[in-house]
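Welcome! Take a look at the sequence and the structure shown here, and then walk through the briefing below.

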Amino acid sequence: MSRIRTTGSAIALLLALVVLAFAFTGCGSGSKPAPTGGTYKIGAVLSTSNQSAPLGQPEQNALLLLEKQINAKGGINGNKVKFIIEDDASDPASATVAINKLITQDKVLAVIGSSSTGATLAMVPTAEKDKVTLVCCAAGTKITDPVNPYIFRTPPTDSMALTKVLEYLKNNLKVTKVAVLHDANAFGTGGADELVAKAPSYGITVVSRQQYNSTDTDMTAQLTKIQQANPQALVVWGTNPGPSSIAKNMQTLGMKIPYIGSHGIANQSFISLAGPAANGVVFPGGRLLIPSTIPAGSPWATAVADFSKAYQAEYNAPINSFAAHGYDAGNIILDAIKTAGADPAAIRDQVEKTKDFAGVDGVYTYTTKDHNGLTTNDLIMIKIDNGKWVEAK
Amino acid sequence: MQGDSRQKVILAATAVFVVAVLAVTLILKGSIGMQWILSGIVVGSIYTLVAMGFSIIYSSTRAINLAQGEFTMVGGMLMYTFTVQAKLPLWVGFLLAVLIVMILGAVFERAAIHPLKNPNMITIIIITIGFSIALRAAAKWIWGSNPVPARAFTGLAKSGKEIPVKIFGASLSPQSLWIVGLAALAVILVFIFFNKTMLGKGMRAAAENRDAASLVGVSYSTTSLIAWTMAAGLGAAAGAVIGPIQAAVFDVGTMLGLKGFAAAILGGLGSTQGAVAGGLILGILESVVAGGFSSGYKDALAFLILILVLLIRPEGLLGKPEAVKV
């Protein structure tokens with residue numbers, strides 16, 4: 001009996017501590033000293049540590065770069081610009097604490113963030129209650145659906161990416177039967193639900209729907225099950241490393257059907273993880289990933305070229321989608337402040353009036369009915385060809 | 001005596017169940033069933049390696065090390081550093097990764113476990129949870145939060161593509177064979193160590209009764225140090241060999257550790273054979289459930305089994321019930 005009790009209590013303790021570990025990871029963050037007068041303070045809550053750090057870190061880099069660029073040009077309306085950046089440690093509860101701190105303590109004019117859908121949704125009630133504009137860098141469809149007067153976003157939504165995938169399946173691959181294999185997390189499940197719901201209107205049947213866990217090693221069991229349903233293409237909805245294991249497993253099994261990924265694999269990490277198995281994989285992504293697909297000479301093309309050059313000079317790294325989300329969010333708020341000044345209510349109205357604003361991710365137009373700004377035209381389908389990205393035709 | 005006959009019944013029932021699952025899978029699904037079973041054996045071998053780490057420490061010191069999954073993670077990370085970044089030969093990188101993690105395990109034991117005046121299971125569990133958080137944070141700081149790629153040991157074509165191995169109509173990546181082979185080798189070595197060598201037998205004795213063992217010259221202190229070092233080495237070896245299949249990332253150890261722990265409890269904590277049985281049963285069942293029923297139930301399975309075992313037979317399939325001390 002003593003063994004039962006010890007092992008039982010050990011497990012209870014283990015679970016309790018796992019929960020605690022998640023709850024307490026990095027609540028604190030370096031709060032900056034309160035700036036003096038003549039400074040526009042804009043808050044940002046980003047996931048610069050833990051699992052969403054690959055998103056939050058480039059977003060933070062982009063904002064710091066933007067702050068430097070604007071202040072070097074003399075700021076806005078004669079005022080300096082200061083981004084006060086808080087880390088939510090990829091944790092929704094910490095995100096709520098952070099936005100409260102920014103609004104009540106730092107008295108920021110508007111807030112950017114967060115990087116992931118979960119953390120962003122956690123901040124929505126606070127932004128709404130305190131009537132502060134929140135421009136997020138997260139792609140979850142439900143953040144802006146239904147439209148909340150105070151919540152805007154810069155990235156293309158998961159829905160737009162999914163629509164792009166369906167258009168590609170119908171118009172380019174001309175298939176009618178697909179299978180979906182998705183991560184069991186919110187991103188993967190949400191994408192798969194939407195795919196299943198929207199597919200019929202594109203004349204596509206989802207013949208098999210399977211899932212995997214983010215940390216799974218081997219997806220061959222799911223793939224063999226999918227093979228039996230004879231789909232003409234496989235849609236994989238998840239973020240690294242799962243999709244790279246799937247690409248490798250498909251190669252091992254000799255599966256030849258087209259592999260369509262999500263925008264979650266629009267990064268070099270997927271190519272280095274999957275190696276040669278990445279070749280032929282197609283996924284939706286922003287046009288900035290292949291700048292030659294942006295109309296030459298357009299303000300958008302200029303924005304991408306300028307940002308790319310400055311980012312490379314500052315961080316010695318190429319730009320990515322996340323840096324673009326952060327940079328665009330900062331620029332949209334600053335553009336509104338130019339007209340609205342230091343008045344949070346006027347800033348909100350001004351952000352909503354943003355029209356044909358050439359950012360890095362695309363050309364933004366917000367309306368009272370649309371707080372997404374971008375459209376599916378800002379996305380392209382990208383194919384991995386010998387470890388390089390090319391536009392999928 | 002009653003315990004003995006009950007164990008026989010449970011063992012027989014488990015054996016019948018496993019054989020039935022295998023037979024039904026093969027008969028109904030043929031080569032696809034074979035694919036599930038072989039994939040399950042590969043995953044099960046990984047669980048076995050992690051489970052053995054739990055077992056070695058438990059059987060020698062009656063402690064549970066909840067940083068076992070993190071040893072695996074660090075092993076995978078070091079393998080990446082040595083073979084992909086530093087471009088050392090595979091076997092050098094492998095040995096270095098295992099050696100460094102063994103040193104890490106030994107230093108941890110000396111620094112945090114050895115000084116305990118009154119080591120009991122709960123204290124040690126809490127210390128190891130702290131250690132696991134520290135290892136995850138350190139790994140994220142050193143290697144970042146993106147998964148790191150690893151190079152397959154063998155079986156790559158000139159283009160860099162893996163050449164699958166065909167077994168009874170099922171396809172496996174060549175790395176899978178390395179994983180199963182390494183697990184088999186580790187099982188044999190650990191079994192010989194604990195059952196055939198004086199040191200190994202002494203270590204088991206020390207766990208049973210540390211005062212009596214020290215009277216006959218087996219020091220608990222040495223036992224504990226060796227057990228932690230061995231468990232760290234096994235964990236690192238697992239991490240180094242699974243890299244090409246499952247990319248290492250700072251938080252990969254948590255789930256691996258939990259699954260390995262479930263396997264160890266299923267087979268019987270402290271028993272090498274138990275770790276093998278628990279790991280393989282869990283791996284195969286997960287794979288068959290994911291393929292034959294729904295992939296959604298797969299992860300619930302490990303924890304369902306864990307709860308069932310704790311309710312029905314807390315000492316596990318092959319573990320020995322602990323005598324109740326009055």
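Two residues are in contact if their C-beta atoms, placed from the backbone, lie within 7 Å. With that rule, 43 residues of chain A and 46 residues of chain B take part in the contact between the chains. Please keep in mind that this is a predicted model, in which local features need pLDDT of at least 70, side-chain atom pairs count only at pLDDT 80 or more, and totals for chains, interfaces and linings use all residues. Residues are numbered from 1 along each chain as its sequence is written, while chains are lettered from A and ligands numbered from 1 in the order in which they are written.

**Where the chains touch**

- Helices (H or I, at least four residues) and strands (E, at least two) are DSSP runs, numbered from the N terminus.
- On the side of chain A that touches chain B, at least two residues each come from helix H1 (2–24), helix H2 (53–72), strand S7 (205–212), helix H7 (220–228), helix H8 (242–253) and helix H9 (268–274) of chain A.
- H1(A) gives the largest share of that side, eleven residues.
- Sorted by class, this side of chain A holds 16 nonpolar, 23 polar and four charged residues. Here Ala, Val, Leu, Ile, Met, Phe, Trp, Tyr, Cys and Pro count as nonpolar, Asp, Glu, Lys and Arg as charged, and the others, Gly among them, as polar.

- The complex receives an ipTM of 0.76 and a pTM of 0.79 from the predictor.
- pLDDT is the predictor's confidence in each residue, from 0 to 100. Its average is 88 in chain A, where 91% of the residues score at least 70.
- Chain B averages 87, and 96% of its residues score at least 70.
- Where is confidence lowest in chain A, and where is it highest? The lowest mean, 54, belongs to H1(A), and the highest, 97, to strand S9 (residues 259–260).
- Residues 20–36 of chain A have a pLDDT below 50, and this stretch has 17 contacts in the model beyond near neighbours in sequence. Where pLDDT is low, the predicted coordinates should not be read in detail.

**Chain A as a whole**

- Chain A contains twelve helices and 14 strands.
- Its C-alpha atoms fill a box of roughly 70 × 65 × 40 Å along the principal axes.
- A compact globule of 393 residues would have a radius of gyration near 21 Å, and the 22 Å of chain A agrees with this. The radius is taken over C-alpha atoms, and the globule rule is 2.2 Å times the number of residues to the power 0.38.
- A residue is buried if 20 or more other C-beta atoms lie within 10 Å of its own, exposed if 12 or fewer, and partly exposed in between, with C-beta atoms placed from the backbone. Of the 393 residues in chain A, 54% are buried.

**Strands that pair**

- Two strands pair if DSSP finds at least two bridges between them.
- Strand S6 (residues 177–183) of chain A has six of its seven residues buried. S6(A) pairs with S7(A) in the parallel sense over seven bridges, and Leu181(A) stands opposite Gln210(A) in S7(A).
- In strand S10 (residues 282–286) of chain A, five of the five residues are buried. S10(A) pairs with strand S13 (residues 379–385) of chain A in the antiparallel sense over five bridges, and Phe283(A) has Ile382(A) in S13(A) as its bridge partner.

**A buried alanine**

- Ala192(A) sits in helix H6 (residues 186–198) of chain A. Why does Ala192(A) count as buried? It does so because it has 23 C-beta neighbours inside 10 Å.
- Setting aside neighbours within four places in sequence, Ala192(A) is in contact with Val180(A), His182(A), Arg209(A) and Trp237(A).

- Most residues other than glycine have a negative phi, and most peptide bonds are trans.
- Cis peptide bonds join Gly113(A) to Ser114(A), with omega about 0°, and Asn240(A) to Pro241(A), with omega about 5°.
- Lys107(A) is not a glycine, yet has a positive phi of about 50°; Lys107(A) counts as partly exposed because it has 14 C-beta neighbours inside 10 Å.
- Asn230(A), also not a glycine, has a positive phi of about 55° and lies in the loop between H7 and S8 of chain A.
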